[in-house]
Amino acid sequence: MRTETVVEVCRISKSFGRQSRVLCDVSLTLKRGEMVALIGASGSGKSTLIRTIGGLIPVDAAPANGDGACGVVRLFGLPMQENGRVTRHAKALRARTGVIFQQFNLVPRLSVLTNVCIGSLGQRRTLLGAGGYFAAEDKRTAMRALDRVGIAQLALQRGSDISGGQQQRAAIARTLVQRAELLLADEPLASLDPSSSKRVMNILSDLNREDGITVLVSLHQVEYAIKYCPRTIALRNGAIVYDGPSAALGRDFLNEIYGEESEQLFVPGFDAPAVHAVSTLPGEDVSVPATTVPSLRIASSPAQIDARQTA
Ligand SMILES: Nc1ncnc2c1ncn2[C@@H]1O[C@H](COP(=O)(O)OP(=O)(O)OP(=O)(O)O)[C@@H](O)[C@H]1O
Ligand SMILES: [Mg+2]
């Protein structure tokens, strides 16, 4: 039977060299079919967390003093990382996990179609496809994926010759070809205009609802989290300061957990509504009844976080 818990992060920390910790004792669980936003100011650790979940960088080993921190990342019930090491399961787990980055998503000199076909390599035992040669069936699958994200007409363009938003859609198509069950998207909207951003988020949302793909997406702007993701995890200085319904993320509440940093999290000029209303993107009107907003869980006070940072 397929496990319901897709991502389990248990008390991980991450330092680079002698710097203070970039992630501090982070734990979270994602269930199959969830679409979760990861928000936080610049430098709060969003990319680092996404990369550790994807097994792209190792977390710190558990300290020898046995303070209970276990430092484990499990995907689909299997360890991706344990005690500072990426495990032997990593390759198989990566094949089930699509990762989308803010930029550098495509190989610039290859066609969009070939870029998308590359997603099928993880499914193979041999490296058929190296050099840009893919079977007709792979190309048909890639064309269906490109059609799904609305850019089939760009299949033969070079990766470098399409817009940022189109590149992100091609990167999503590649994860479809890969048949990823988990999608980790690190600020996929960072270089996009509002209309491309909406299109990309609509596609992610559609894949989540229609295909049941579990999505963790880091976002700079909280409005997109509120509109598209039922749940948000908020990072500050490498620690989780909130994990709960996105609908609760009003301006006052964000001020409470982020202080002045909260200004970084809003689209400029956006006037966030009170806590119990879902904020909207320009030209939209969505609201939820107050009764749908459960009580909040604030994981740590800023003082606790500062203490951890200097520990
Ligand atoms: N490879 C690295 N070596 C040293 N420090 C790093 C490395 N990667 C990240 N950091 C540091 O870790 C902290 C968190 O970085 P990270 O990129 O995870 O933040 P972020 O929330 O993704 O920020 P942004 O919104 O700007 O993308 C920063 O202080 C950054 O300088
Ligand atoms: Mg980042």
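The legends below describe close-up views of a predicted model.

**View 1. The whole chain and the confidence of the prediction.**
The protein contains 9 helices and 11 strands. Of its 311 residues, 44% are buried. Among contacts with a separation of 6 or more, 67% join residues 24 or more positions apart. The pLDDT averages 82 over the protein, and 78% of the residues score at least 70. Residues 270–311 have a pLDDT below 50, although this stretch has 62 contacts in the model beyond near neighbours in sequence. Where pLDDT is low, the predicted coordinates should not be read in detail.

**View 2. The antiparallel sheet of 5 strands.**
This open sheet has the strand order S2-S1-S4-S5-S6, with antiparallel pairing. Its edges are strand S2 (23–31) and strand S6 (85–86), each of which pairs on one side only. Helix H1 (residues 46–53) packs on the sheet and touches S1, S2, strand S4 (72–75) and strand S5 (78–82). The direction of H1 makes about 120 degrees with that of S1.

**View 3. Strand S1 and its two partners.**
Strand S1 (residues 5–14) pairs with S2 in the antiparallel sense over 6 bridges. The pairing of S1 with S4 is also antiparallel, and there the bridges number 4. Glu8 takes part on both sides: Glu8 stands opposite Thr29 in S2, and the bridge partner of Glu8 in S4 is Arg74. Strand S1 also holds Arg11, whose phi is near 50 degrees, a positive value in a residue other than glycine. Most residues other than glycine have a negative phi, and most peptide bonds are trans. Arg11 counts as partly exposed because it has 16 C-beta neighbours inside 10 Å, whereas a buried residue needs 20 or more.

**View 4. The hairpin of S4 and S5.**
S4 and S5 pair in the antiparallel sense over 4 bridges. Leu75 stands opposite Leu78 in S5. The hairpin has 2 residues between the strands. Phe76 in this hairpin takes a positive phi near 50 degrees.

**View 5. The mixed sheet of 6 strands.**
The strands of this open sheet follow the order S7-S8-S9-S3-S10-S11, and the pairing is mixed. S7 and strand S11 (239–245) stand at the edges with a single partner strand each, so one side of each has no neighbour in the sheet. Neighbouring strands are turned against each other by 15 degrees on average, direction ignored. Helix H1 lies across strand S3 (35–39), S8, S9 and strand S10 (231–236). Relative to S8, H1 runs at about 155 degrees.

**View 6. Parallel pairing around strand S8.**
Strand S8 (residues 182–186) and strand S9 (residues 214–219) pair in the parallel sense over 5 bridges. Leu182 has Thr214 as its bridge partner in S9. S7 and S8 run parallel and are joined by 4 bridges. Ile100 has Ala185 as its bridge partner in S8. From S7, Thr97 and Val99 point one way, Gly98 and Ile100 point the other way, and all are buried. In a regular strand the side chains alternate between the two faces of the sheet.

Gln103 lies in the loop between strand S7 (97–100) and helix H3 (112–117). With 13 C-beta neighbours inside 10 Å, Gln103 counts as partly exposed. The C-alpha atoms of Gln103 and Ala171 are separated by 10.0 Å, with the two residues 68 residues apart along the chain. Asn237 is placed in the loop between S10 and S11. Asn237 counts as buried because it has 22 C-beta neighbours inside 10 Å. The phi of Asn237 is near 50 degrees, a positive value in a residue other than glycine.

**View 7. The shell around ligand 1.**
The residues surrounding ligand 1 are Phe16, Gln19, Val22, Gly40, Ser42, Gly43, Ser44, Gly45, Lys46, Ser47, Thr48 and Glu187. By class, the shell consists of 2 nonpolar, 8 polar and 2 charged residues.

Technical notes: Residues numbered from 1 in each chain as written. Chains lettered and ligands numbered in written order. Predicted model: local features only at pLDDT ≥ 70, side-chain atom pairs only at ≥ 80, totals over all residues. pLDDT = per-residue confidence, 0-100. Contact = placed C-beta atoms within 7 Å. Buried ≥ 20, exposed ≤ 12 C-beta atoms within 10 Å, placed from the backbone. Near = placed C-beta within 6 Å. Nonpolar A, V, L, I, M, F, W, Y, C, P; charged D, E, K, R; others polar. Pairing = 2+ DSSP bridges. Axes fitted to C-alpha atoms, helices over the stretch in contact; angles between N-to-C directions.
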